[in-house]
Amino acid sequence: MSAYLFVKLLHNLCFVYWLGGDLGTFYASRYVTRPDLSPQARSTALTIMMGCDQGPRFCMPLILPLGLQLAHMSGQMPVPVVWLWLAWAFCLGWLLLVATLHFAHGKAFVPALTRFDFYLRVGIIIVLLSLAGYALVTKVILASNWLAIKLGIFALLVLCGLMIRVRLKAFGAAWGRLMSGDDSDSVNQTIRGSIASCRPFVYLIWVGLLANAAYGLHLIY
């Protein structure tokens, strides 16, 4: 197997685990919102949901540098190699941040690190959308329009993830009340409403992932 094909395999695996993890998260969320289940059963469903969600969380920082690596190796991104290594360093740092937030539950620094992660993603969205637009207009950095479009779609996927995070703010407090024994209609309505408000962005993520796969396979030009 050539180096190019190996990187392509890793890139495709990130797509598979991102989409598959999202599907598992979506399915488990339906059990989290069911008031006819016991709090213990719903807590188990939430654990499964959060576990499935780690696939997309880890794949997002990895799929970007793998895609850029493929573009560089194929001659579609004719930039000095130092820029590629900077992209790798940044994305591996982003991955480390995601892993720290996942494994450091309850630590005092987690709230501050979570805020940093949020604004970091805002910066990533702005930079990638600007880069994609510049590449589309000038044909500089990325040689093909479809690569610039893929980069722009990726930025929008990050945006959808941020919108889901914002929509879930009410969920945490309501879930804490549920686990404390408050199984009232208002608590259940908040939980259902919070998760339901995320679903449009989940659907957009699925569409975006499938569109990027289609561009990558040259089904769309």
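This is a predicted model: local features need pLDDT of at least 70, side-chain atom pairs count only at pLDDT 80 or more; totals for chains, interfaces and linings use all residues.

Trainee: How do you know whether Phe154 is buried or exposed?

Mentor: Phe154 has 6% relative accessibility, so Phe154 counts as buried. Trp18 has a relative accessible area of 2%, so Trp18 is buried too.

Trainee: What makes Trp18 and Phe154 an aromatic pair, and of which kind?

Mentor: Rings of Phe, Tyr and Trp (its six-membered ring) pair if their centres lie within 6.5 Å; planes under 30 degrees apart count as stacked, over 60 as edge-to-face and the rest as tilted. The structure holds seven aromatic pairs. In the pair of Trp18 and Phe154, the centres are 6.2 Å apart and the planes stand at 90°, so the pair is edge-to-face. Trp18 lies in helix H1 and Phe154 in helix H5, so this pair ties together parts that are 136 residues apart in sequence. The helices here are DSSP runs (H or I, at least four residues; strands are E, at least two), numbered from the N terminus.

Trainee: Why is the pair of Phe26 and Trp206 given its label?

Mentor: Their ring centres are 5.2 Å apart and their planes are at 75°, so this pair is edge-to-face. The pair links distant parts of the chain, with Phe26 in helix H1 and Trp206 in helix H7, 180 residues apart. Phe26 is buried because its relative accessibility is 15%, and Trp206 is buried because its value is 17%. Together with Tyr203, Phe26 and Trp206 form one aromatic cluster.

Trainee: Which residues touch the most other members of the largest nonpolar core? And what makes a set of residues a core?

Mentor: A nonpolar core is a set of buried Ala, Val, Leu, Ile, Met, Phe, Trp, Tyr and Cys residues joined through side-chain atoms within 4.5 Å. The largest has 51 residues, and Trp18, Trp94, Phe154 and Ile205 touch the most other members. At least two residues come from each of helix H1 (3-32), H2, helix H3 (81-103), helix H4 (110-138), helix H5 (145-167) and helix H7 (185-216). H5 gives the most to this core, twelve residues. Another core, of twelve residues, lies apart from it and has Val32, Ala45, Met49 and Ala174 among its members.

Trainee: How do you know that H1 has about the span expected of it?

Mentor: The expected span of a helix is 1.5 Å times one less than its number of residues. H1 has 30 residues and reaches 43 Å from its first C-alpha to its last, close to the expected 44 Å.

Trainee: Why is the link from the side chain of Arg42 to that of Asn188 called a polar contact?

Mentor: A polar contact is a pair of N or O atoms within 3.5 Å; within protein, one must be able to donate a hydrogen and the other to accept it, and residues adjacent in sequence count only if both atoms are side-chain atoms. The side chains of Arg42 and Asn188 make such a contact at 2.8 Å.

Trainee: How many disulfides does the structure hold?

Mentor: A disulfide is a pair of cysteine sulfur atoms within 2.5 Å, and the structure holds zero. For Cys52, the nearest cysteine sulfur, that of Cys59, is 13 Å away. The sulfur of Cys160 is 11 Å from the closest cysteine sulfur, in Cys198, so that is too far for a bond. Cys52 has a relative accessible area of 27%, so Cys52 is partly exposed, whereas Cys160 is buried because its value is 10%.

Trainee: What makes Lys139 stand out?

Mentor: Lys139 has a positive phi of about 65° although it is not a glycine. Most residues other than glycine have a negative phi. Lys139 lies in the loop between H4 and H5, and at 45% relative accessible area Lys139 is partly exposed. Ile141 is in the loop between H4 and H5 and has a positive phi of about 80°, though not a glycine.

Terms used. Residues are numbered from 1 along each chain as its sequence is written. Side-chain values use heavy atoms; hydrogens and water are left out. Buried means under 20% relative accessible area, exposed over 50%, partly exposed in between (1.4 Å probe, protein chains only).
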